[in-house]
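Reader: I would like a close look at one part of this structure. Please take me through it step by step.

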Amino acid sequence: MNRKTIAITLLISFLTAAGASAGVSNTARSSDPQAVLARTVLARAKAASGGDAWDGVTSFQLKTRVSTAGLSGTAEGWEDVEHGLYANSFSLGPIQGAEGYDGTSAWSKDPSGQIVVSDSGDAREGSVNESYRVARAWWYADRASRGPAAVSIHPDRTEEGRTFQVVAIHPQGGRPFEAWFDAATGLLDRTVETASNETRTVFYSDYRDVSGLKLPFRQHSTNGEARYDTIVEVDSVTVNPGIDLARFSPPTVKIEDVEIAGGDRATIPFDLINNHIFVDVMVDGKGPVRMIFDTGGANLVTAAVAQRLGLASDGAFQAQGVGEKSADVGLTRVRELRLGGVTLRDQSLYVLDLKDIDNVEGVEVGGIVGFELFKRLAVRIDYEGRKLTLTRPEAFKAPAGAAAIPFTFDERTPQVEGKLDGIPGRFTIDTGSRTVLDVNRPFVEGNGLVAKYGARVEAITGWGLGGPVRSAVATAGLLELGDVRDMRGVRGVRIERPVVHLSLQKKGALSDPYLAGNVGGGVLKHFTATFDYQGKVMYLEPKGQAAGGPGDGYDHYDRSGMWINQSRDGSGYEVVDVVAGGPAAEAGLKVGDTILTLDGQPAGETPVFEARNRLRDSAPGTPVRLAVRSGSQDRKLTLVLRDLI
């Protein structure tokens, strides 16, 4: 389980559903022929959708019906056209939520009632684009707070007998997108925009006359996977309602759904397996259910656990993780979650079929507890002592002598400023990842890291939602988290010679161009880590020798040259990946083989994570005797461990 184990896309965008008759930001008054053609298309769009009637528009209020992921509901949206501000609220099946932009920050209210202000590059650029469209700054230059956009004209497109004029736009501070205008009517037909992990197309139709304007009453949004499409249909539009500007700011929410028995703090034991923190959780008094404790994960249970506990699941939203595939995720509600002396009441949980994850981990994974708990309580993770301390924010005191590293949020996950061998970037902090550092593919390619580090080993290096993760593996020189030169105090840490996984993923979280990489349990277990989500500070107290065991340093990597999972029947280890030219390949192991015994010990008696540790930690030159089944043939092999990087 790596970063962004679940990234659920619930697109309910009302903003362009009420007047996005053009989709372009304020254009520079350039004499370039392409810019001139673009301005001609935009001027025609304004005339087609109301012309001078737009000059008197200052705001909108919309009431809509929404259907997505097998659920339906209602929503309400507000736009301050003069300033490019927006806010929406929705009720969809078992969940309610809200989102908005106040001119500075994009915020959202999640189903548990928490407010999240995301400072990821993806969120910032997306909110800038939405603000431009809300302000109709392509027509009104004085509303473009960040300056003119770069615009150009693309060749006309023809589709199903219709011709479209296509304008390419790149707002300052935003990201490029396309606006397609119907050549026959001049009205906007669609926008196409590529974000961090997907390209989303929004279609506009059912144009109607409202107060002299021609507005689309139907919006259809898709990322190409039809089962996750969102349909928004407008019931009513009010032009120029009075709107209090406070509506666009993140609302103040008092959360009173958490209890700590006997005081302000509670201590909870945990197991550390595969560098993952496992805790026992009672769900509506049933269990315990073994869950991963994840800084960025949403609270969820697996489909198997939901069935076992009798929890009904609604909807089928899209879940995306580190793998290249997506999966369906449903929603359920429970009366309470209890971890030791801590109780969370009336919680929404996502329900997800974490296919094969038990075989990857070697233990049952019943779900995840994460952001909802971290957001409510300060969390201290003592990796050495294997215990969590959860404290109410008002009773929390920063640990003395710890490195205090400020963070912001990438969706739900903390992100910090850092450097990899002097190259600056943003790094997410993820207790749900087993690795030291996964480096995102765009950062790898943009900085030539495969060549820089001489990475020759390519392998499966992790597994999470969406399947396996493939990387080139190397040892870097120095990872810095926070500002280690800040003279006001200890505000950073240095990790020397970390093993880095240089992602080869074309899709999923590790293809995000806005992030440098993801720091996992392979780093965090060397510290006592404290997270104050209210103050947005992470505290790291070095603990000397790694908590994972003697010799388990940052520069340690697998010495067998293969990835193994527990076989489905539990009787052996399935060989899933073999490194070309590595010890496993030289011994004759192939993908699909099943290891039955390891040095004479039956595989069914030893969890796969213990076998992995043994193959990783045993000294170079150690011979490992294996009994292997290849199809219907059994054979015996000897694998000699060695360093691969």
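Reader: How many residues lie between β5 and β6 in their hairpin, and which residue in the turn has a positive phi?

Author: A note before the answer: this is a predicted model. The hairpin of β5 and β6 has 4 residues between the strands. The residue in the turn with a positive phi is G103, at about 100°.

Now look at the strands themselves. β5 covers residues 95-101, and β6 covers residues 106-109. They pair in the antiparallel sense, over 4 bridges. Take A98 as an example: its bridge partner in β6 is K109.

Next, follow the chain onward from β6. Strand β7 spans residues 115-118 and runs antiparallel to β6. Again, 4 bridges join the two. Here A106 stands opposite S118 of β7. β6 and β7 also form a hairpin, with 5 residues between the strands. In this hairpin G113 takes a positive phi, near 95°. So β6 pairs with β5 and also with β7.

Both of those positive phi values, at G103 and at G113, belong to hairpins. Now turn to loops elsewhere in the chain. E160 is not a glycine, yet its phi is positive, about 50°. E160 sits in the loop between β8 (150-159) and β9 (162-170). E160 counts as exposed because its relative accessibility is 77%, and the cut-off for exposed is over 50%.

E411 is another residue other than glycine with a positive phi, near 55°. Its loop lies between β28 (408-410) and β29 (413-420). E411 has a relative accessible area of 35%, so E411 is partly exposed.

Definitions and conventions. Residues numbered from 1 in each chain as written. Predicted model: local features only at pLDDT ≥ 70, side-chain atom pairs only at ≥ 80, totals over all residues. Heavy atoms only, no water. Buried < 20%, exposed > 50% of the residue type's maximum accessible area, 1.4 Å probe, protein only.
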